[in-house]
Amino acid sequence: MKRNKLTPYLFLAAPLCMYSIWVIYPIFQTFIVSFTKWDGMTKMKFVGLENFQRLITDNYFGLSLLNNIKWMVGFVLLSIPLGLIFAMLMDQKFPGHKIFKSLVYLPMALSFVVIGQIWSWVLEPTGGIVNTFFRSIGLEQLAKPWLSDPKIVTYSLIAAALWRQIPYVMILFLAGLKNVSRELVEAAIVDGAKATQRFWYVILPALRPAMVIAITVNIIDSLRAFDIVFVMTRGGPFYSSSVMANYMYVQAFHNYRMGYGASIAVVQFGITLGFIIMYLLNVLKKEERE
Amino acid sequence: MKKISRAILFYTLSTLIVVIWLIPLMVAFFTAFKTMDEIFMLRNFWSVPKTWTTDNFKTAWVEGKMQRYFLNTFLVTCISVAVTLFLSSLGAFALAWYKFKLRTTILIIFVAGMLIPFQMLLIPVYRFSVVTGLYDSLFGVILFHIAFQIGFCTFFMRNFMVTIPTSLFEAAKIDGAKAFTIYSKIIMPLLKPAVAALSILEFTWIWNDYLWSLILLQSDAKKTVTIGLTALQGQWISSWNVIAAGALLAAIVPVTVFLIFQKYFIEGLTLGSVKG
């Protein structure tokens, strides 16, 4: 019997061991590094909360945080409704609906490096398709330098990221729609409820679980956005499109301020934590039901 | 009549969405087949090439060393996916079938790990690889991918395993079958759908990884396609056609895998409900 008790741990030994070395232990280490001044080579110097105090007065960090909030709002306000509309539209089983879906999903198979490159051509000021389009319909004033104007660059990056995010949200809703009982929907039709009412009172409440997951995942993703920013603008011009993840990377690996970089990561982690816990509670609730 | 108008609405809107969705890809596609003269003369990215050329792909593949980066990425991706799936299935087996003290805690730790911002890991993982001599080796990148993806894969497979009827497991136990035999002979064969879904997801994720190759690799000979593509952008700054060809080359493998195994990819995303 004693052997039996050990068995699960034997199975878990290898995966848990690797996971501890590369994921769990580093999390704790980052906390420790955040209280130090360290260039990554010489000895670490303990400085207490100095890094965090400096963060408060660091304008570039403030800017990065603000941009993360823009990402969050943009992701939630755009990918949720659009993902839902795409899902509801393409959930109708007309011939060819699978092909339409595949084509919309396509960006999910692409690396952010490829997406970034493609979108920098889409948004290119002189020959890019967006500006060419605006000029051709006589809206010259809407043709903007999308990636070099500090005021709009972050929105351009969010647009590029949404190209991949919306299909993902659409998949979450398509899965949710499978759980909407056909009877409920049909009952609403028999009752004579109009289509919009049916949507608000029958379909939307049934999609609640999918909605919660979609919103949480969108927020978590928006708070850790990195690749698109790094590939397309490196956070520029003059940090105007910087996000926390990007600023952390620049501080730690370009300026060799590992301690300061770690403190940015810790703040980023702290902000995300609430949403991670929300997600975990969802998982736990599911556990209890089983 | 109602059905017809619904069909019209469906096809019109769907076509509109798909066209808008594919414009960026068309831009890359056309650019990749254009000659340098055309790029400089017209400076537009959306028009159909006047003369089609495949030279850009040759340039990116040979001079741009995409050939080499391809091989590196292929190696990293295949090994990482295979080992991750094996180790995760072991962990998932323990978490699905045995009741023990730390079960829920371990499960939560695995789920939480895939949600944290990657920036929490960057500095220690980089340091660790420098200290252990794993820095700038494909082996180091592979080890990291395996370790990091174990969280998601264990969670995913465990969720799949708990749907297998307990009676199967109990019957085998009464027969006196050893735990590992139960795992390999009874449970694993039933796990094929989960393994298929995970392989496709993990393949695309690891193939498309950028950040970890950026952090853990340095020399040109070790680069993966995503890093190679950014190197290409630096080297062929104004040769947009060559860069576009490189981008298409970097995309061709995950896109093909995705299109062929789309069913599993979608199932994986739906069941996993979280993205790496």
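The questions below concern a predicted model.

Trainee: Why is A:Trp38 called buried?
Mentor: A:Trp38 has 24 other C-beta atoms within 10 Å, and a residue is buried if 20 or more lie within that distance, so A:Trp38 is called buried. As for its place, A:Trp38 sits in the loop between β1 (36-37) and β2 (45-46) of chain A.

Trainee: Which residues does A:Trp38 touch, leaving out those up to four places away in sequence?
Mentor: A:Trp38 touches A:Val33, A:Met44, A:Lys45, A:Met258 and A:Gly259, where touching requires C-beta atoms within 7 Å. A:Tyr260 lies 222 residues from A:Trp38 in sequence, yet their C-alpha atoms are 8.2 Å apart in space.

Trainee: What share of the contacts in chain A with a separation of 6 or more comes from residues 24 or more positions apart?
Mentor: Such pairs account for 69% of those contacts. Chain A itself has 13 helices and 2 strands, and 45% of its 290 residues count as buried.

Trainee: How do you know that chain A touches chain B, and what makes up the side of chain A that does so?
Mentor: By the 7 Å limit between C-beta atoms, 74 residues of chain A are in contact with 75 residues of chain B. Helix α1 (residues 2-33) of chain A gives the most to that side, with 18 residues, and by class the side holds 55 nonpolar, 14 polar and 5 charged residues.

Terms used: Residues numbered from 1 in each chain as written. Chains lettered and ligands numbered in written order. Predicted model: local features only at pLDDT ≥ 70, side-chain atom pairs only at ≥ 80, totals over all residues. Contact = placed C-beta atoms within 7 Å. Helix = DSSP H or I, 4+ residues; strand = E, 2+ residues; numbered from the N terminus. Nonpolar A, V, L, I, M, F, W, Y, C, P; charged D, E, K, R; others polar. Buried ≥ 20, exposed ≤ 12 C-beta atoms within 10 Å, placed from the backbone.
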